[in-house]
Structures are given as C-alpha cells and as structure tokens.
Amino acid sequence: MDIVQIATHLIDEDTEQPRYQFDEEALQELMNSIDELGLLSPIKVRETAGGRYKIIYGNRRYKACKTLGRPAIPCIVSTVTNELDIYLEQIAENLTREGFSPIEEAEAFHKLLNDPKFSSSTKFLSSKLGKQESYIKNKCELLKFSNAVKKLIVSGTEIRKDKLTEDQLLPLKDLPMEHRDPLALIMARDEMPVSDVKKIAKLFKDSEITASTKDKLLYKSGPGLLETWYTIQHNKAEKAKQPAEVKPKPGSKPEASKPDTDKPDAVTTATDITATGKPESPVQMDIAITPPEPAKVPEVNSPFIAQQLQQLLAALPPHSALLPEALQSFQELSTEERQALLSGIDSLLVSLQSHLTEWNKIKSLTQTQ
C-alpha cells in the first residue's frame, strides 16, 4: 500500500461522508500533536476529475493539517469507485475512531437502508460491518427523537446531567411523540438511570391511565414520575388482594344496601415532591387508589383554608402497616433501585414535615384565638 504526498489544495472533503461532528477541543489536541510529531497516520483519498482528490476517511486529520498550513498531506490513494463500497469503508473506519456519535452512526445506517442508490438490507449491513442486526436497528430508533433530544445523545453508558445515552433513550422509543420527547428531556435533566427510565416508560404505556393524565404527568420531575410508578404498582397489588364479591344464594334476601366506603375511587390526586421537599401542582390521575373515609370540614370564615384542608385529607391514603412481603421485596432491590426508593422516601418525609409544620401553625393560631 503506497503512501504519497499530495498537495493540500488539491484535496477536497467529502460532504456526504457519515461523520460531520468534530469536537473543537479534540481537534486542537490533534493539531498540537501534528505540529510536534507530524501526521503519523495517512488519510485515504480517491481520484476525481481535474486531477483532484476526494477524502474517503481522515477528514479530521485533513482539517488539522490545513489549519496548520501544511503544504502536503501523506495519503493512500484508493482505486475503489463503487459508491456503496466507499460509504461502507467510511463507516467501518469511523466505527473504530472515538467521537463517532450515535446519531451520526444512526444516520449512516438509515442512509444505507433507505437511499435508492444503496438500498441495502439490515442483514447485508450486519455481514459487512460485523455488527448484529439488533445493533443496527436500535441505532436507527434514535432517529425517532426530535433534534432537541438528538443534540444531547452521547456515546458510552455514563449517566451525565443534560446528556443522554442510547440505553436511556431506547425504553422510550415506542411512546407517542408528545410523551417520548418531553420524557427524554426530563431523563436528561434529572440524570435518571436506565432502570428508572424503564419503569417510567411502563407508566406511560399503562393503558389504564388516560392520555390526558399522562400529559399532566409530564409536569413532574424524574423522581416524581418514579414515585408515581411505585404508588401505582402498590395500589394494583393491594387491589389484587381484595376478596372477590360474594354473590347471594338463590332465594336469599339481599342485605340492606350500605354505603360502600371500601370501593376504590377511580380518580385520585397525586402530588409531586421535588428535591426541595416542596410539592408541585397536583395532578389528577385516573388510577384506582383507595382513599380514606372523607373527613367533614366545618364551615369556616376562610373557605381557602377549608378547601386546602379538604384537599389534603382526600389525597392522603389510609394508613396500613407494611406487610412482610413488602419488606422482603425491598431486600431484593438493586443498589440503583434502593437509592431511588430512599430518595423518594426522604422527599416524602420532608414534604410531610412541611405540611405538619404549616397545619400546626394554623392549629396554634386557632387555639389562641
């Protein structure tokens, strides 16, 4: 494989090559290295009309040399002319390099699969690039998200604030766009681990929750959504434990009807608790949660306080001791799930303490007057 020096001004970039994002800091580091040691790895080009050359791969090295004012660049001249083979070679080369973003990768796969001049299949790409078909399909799923979400996607699995990994996004891919993209941004903002994202995705796939309720849930924080998921799972488990309704025997007299205070209410109010302990706006949820027997609030001169008290009493579930099975299930949680649950408990205790402090003030003022 011959390496030849080609004048920099005769080389053109390939504007259709799969990699187009270049980190400025990394580019500056490359320039410093070339300036000190020279270009250690040649770029690859192909001949074009008029005695010019177009880059197959090595755009970043070309940019660095051109910025440094290098008169010539060491190159490998390829004789390949098939556009598909050239594009596959460009992808294969970039897959071995740092900085090839998941979105660039996804767009490259999508182009090979859908551009009429390529019209490749997933199976064909898998054999050529040494990647599993599921790998290629999952990358293409990232293109479902909006540009605002795509800009946050990074390589690797490290969870970082205001960044998104592929593993964080994939659980959300099948949700409607109106829920998918806002949730992705919430997951990035609140640095939600993948295990929590999966639970929140299940929450928004729950057919028992109406679309309007899901819209309101988007005002919650990531931990608040996770807390809602735990609450719903608990309520479903409690509902499943309730004995089936006993039908009267033929000929027996039905008992006098009594108010059914144990029947779950179809609507309850869930309040999101932020990290500061302050509750967010109540969200009405179409979820069967057993409310406490409503307390009667007497008529007072301050209807606002009475309304607030009635709302709080209606929102609080009846107290029930934790069952041994619940304590056992806590022992089976992963470290990440335990941390998320403990964070929710801390937020709940802070919020309850805040409520208690405020109502004690009102009680004290009432007693002194």
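The exercises below, each with a worked solution, concern a predicted model.

Residues are numbered from 1 along each chain as its sequence is written, and side-chain values use heavy atoms, with hydrogens and water left out. Because the model is predicted, local features need pLDDT of at least 70 and side-chain atom pairs count only at pLDDT 80 or more, whereas totals for chains, interfaces and linings use all residues.

**Exercise 1.** Determine which residues of helix α1 are buried, and on which side of the helix they lie.

*Solution.* Begin with the extent of the element: helix α1 covers residues 24-37, helices being DSSP runs of H or I with at least four residues and strands runs of E with at least two, numbered from the N terminus. Next, apply the burial classes, in which buried means under 20% relative accessible area, exposed over 50%, and partly exposed in between, with a 1.4 Å probe and protein chains only. The buried residues of α1 are then Leu 27, Leu 30, Met 31 and Ile 34. They lie on the same side of α1, because they cover an arc of only 105° around the axis, the arc being that of the directions from the helix axis to the C-beta atoms. An α-helix has 3.6 residues a turn, so residues three or four places apart point the same way. The face turned away from this buried side carries the exposed residues Glu 25, Glu 36 and Leu 37. Finally, look for the partner: the buried residues of α1 pack against α2 (59-68), where contact means heavy atoms within 4.5 Å.

**Exercise 2.** Find the salt-bridge partner of Lys 139, and decide whether Lys 139 is buried or exposed.

*Solution.* The criterion is a side-chain nitrogen of Lys or Arg within 4 Å of a carboxyl oxygen of Asp or Glu. Lys 139 meets it with Glu 166, their closest N and O atoms being 2.6 Å apart. Since Lys 139 lies in helix α6 and Glu 166 in helix α8, the pair ties together parts that are 27 residues apart in sequence. Lys 139 counts as buried at 5% relative accessibility, and Glu 166 likewise counts as buried, at 15%.

**Exercise 3.** Locate the elements that the salt bridge between Lys 44 and Glu 89 links.

*Solution.* The two side chains meet at 2.4 Å, N to O. Lys 44 belongs to strand β3 (residues 43-48) and Glu 89 to helix α3 (residues 83-95), so that distant parts of the chain, 45 residues apart, are linked. Lys 44 is buried, with a relative accessible area of 13%.

How values were computed
Expected span 1.5 Å × (residues − 1).
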